[in-house]
Amino acid sequence: MENSRKNTFYIQGTILAAASVVTRLIGIAFRIPLNRIIGDEGIGAYSNAYEVYNLALLLSTYSIPIAVSKLVSARESKREYANSYRMFQTSMGFALTVGAIAALITYFGADFFAVKLFKSEASAIPLRVLAPTIFIFAIMGVLRGYFQGKNTVLPTSVSQILEQLVHVVVGLSAAVIFMSAKSDSPQASAYGAAGGTFGTLCGAVAALAFLAFVYAIYYPLLKRRLQRDKKSAKEQYQDLLKILLITVFPIILNQTLYSISGPLDSYLLNTVLSAKGLDEETRLILWGRYSGKYRLMANVPLAIASAIGVAVIPNIVIAYTNNDEKTLFSKIAQSVKFNMMIVIPCAFGLCVLARPIMELLFADTTEMTTNLMQLGAMAIIFYAYTTTTGNVLQGLNRLRYPVIHSAIGIVIYALIDYLLLSFTSMGVYALVIGHTIFPMVVSTLNWFRIEHDIGYIQEIRKTFLLPFLSSAVMAFVAYFSYLGVRSIIDSCFISLISALIFSVYTYVVMMLLTKAVDRNELLELPMGARLVRLVEKLGLLRE
């Protein structure tokens, strides 16, 4: 029975993680053609709008799915179906109220936020279109959390993918239409950005419609369960609201501190450089290159790596609850190592192939964009470790430490960013340095906290050093194979694909030759058995 429960947790976590990867990759893929349509200036306005939108979500309804899932699950496990439904009703009332207030403040305050935070009137246009999405997300979040609390993640997973698909189709179409309709306006690119945010709104509406459809199908079964539940004492709505608020607050605090770097980056860049006399158009272009290209590409490996961490967390919780130290340490080590196996070679690859990647995806051959990617590539490694160890601390029920560590990191990084922007001529490069320092601080604090609390000693050689060595060799092969193919065939696409193929093969060979990964670890990976058979045929893995 216990093994069955573990498998169920793992399967559910894997499904949700896979959906998260797919949706994030779709979202990232959307930004590439959008960048080509509306340009760096438009992407700057689009990114500014999203920074305010994300902050409004974090402060209002972003934590709702997690909280509802946890509170509903606790009542479902005791077969208190009436109380479970009452929690759903309470959460929905709370979300509708808070979501409506946040959406109205964002809509009517769009000009204020755009000017005061970013010194950019153009950013108000996409933000105003985006504002109603907050209200839609509030309702959607409760439904997703309710279904997850009932131990099914399929409605959430399908709705996330549907949301992104509609977002892409409508957003790109609307960007072209809006920009064409306002081609004579000096703010044409901002209207193009509004087309992109209109896609976000339509995607949220489509996802909500799907969840409402699933709920309507489920409702007859729910009604029968409520009629059978005669034993459990009914909890009062005011008590349920208090429980919800107590659960939501620490989640909001942690997520806000961890995600505030984006709005803070934009605020510091625009405020300091505006005071230095830099005009709005130039600042939007700088911000568009930083957020719409560098940070966008940095998020690709992080999307995959963080999903692996999410999938293993339920096993960490179970091992910790059962005082199974051996399994607990094994799962922590596995989670960290698998993340490093992915992000370290990605960081090296993005660094040495920055120019052809930017050229192929964004038709951007500017030295600045390449330098941003090369300077900030290693931040990916620290962010991945920060995310993984933060999940571990949550699994160990050390909820306050990720909040404390993020707060310390934010203060240090904001101070450094401000000083570099104010007293040097580094400009947007200062943000990349801050983007690296923040996760360095948080990951170091997380590392020592885990060691202090449970005695876990982080393995260094096979988790970090050997993947670094393998990635360095891989990067050498990637760089020169790209140059070699490009000298023969003047095609960025063919040269880059060839370099990637040589790189992947080199990295796998190096990891196996250095024994950084063994048979058992390969078997733990998705399709691990097939991977083991393949490397055995290649003679790279022996008994």
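Colleague: Which are the buried residues of H19?

Modeller: Let me start with what you are looking at. This is a predicted model, where local features need pLDDT of at least 70, side-chain atom pairs count only at pLDDT 80 or more, and totals for chains, interfaces and linings use all residues. Residues are numbered from 1 along each chain as its sequence is written, and side-chain values use heavy atoms, with hydrogens and water left out. Buried means under 20% relative accessible area, exposed over 50%, and partly exposed in between, with a 1.4 Å probe and protein chains only. In H19 the buried residues are Cys492, Ser495, Leu496, Ser498, Ala499, Ser503, Thr506, Tyr507, Val509, Met510, Met511 and Leu512.

Colleague: How many residues does helix H19 have, and what span does it reach?

Modeller: Helices are DSSP runs of H or I with at least four residues, numbered from the N terminus. The expected span is 1.5 Å times one less than the number of residues. Helix H19 (residues 492-513) has 22 residues and reaches 31 Å from first C-alpha to last, close to the expected 32 Å. After H19 comes Lys515, with a positive phi near 60°.

Colleague: Is Arg75 buried or exposed?

Modeller: Arg75 counts as buried because its relative accessibility is 7%. This residue lies in helix H2 (residues 64-76). Contact means heavy atoms within 4.5 Å. Beyond neighbours within four places in sequence, Arg75 is in contact with Glu80, Asn83, Ser84, Met87, Glu235, Leu240 and Ile243.

Colleague: How many aromatic pairs are there?

Modeller: A pair of aromatic rings is described by the distance of the centres and the angle of the planes. Rings of Phe, Tyr and Trp (its six-membered ring) pair if their centres lie within 6.5 Å; planes under 30 degrees apart are stacked, over 60 edge-to-face, and the rest tilted. That rule gives 23 aromatic pairs. One of them, Tyr50 with Tyr53, is edge-to-face, at 5.4 Å centre to centre and 80° between the planes. Both of these tyrosines lie in helix H1 (residues 2-60), three residues apart, about one turn of the helix, and both Tyr50 and Tyr53 are buried.

Colleague: Which residues have the most contacts inside the largest nonpolar core?

Modeller: A nonpolar core is a set of buried Ala, Val, Leu, Ile, Met, Phe, Trp, Tyr and Cys residues joined through side-chain atoms within 4.5 Å. The largest has 75 residues, and Tyr294, Leu328, Ile332, Met340, Leu421 and Ile454 have the most contacts inside it. Helix H12 (residues 325-352) gives this core its largest share, twelve residues.

Definitions and conventions: Helix = DSSP H or I, 4+ residues; strand = E, 2+ residues; numbered from the N terminus.
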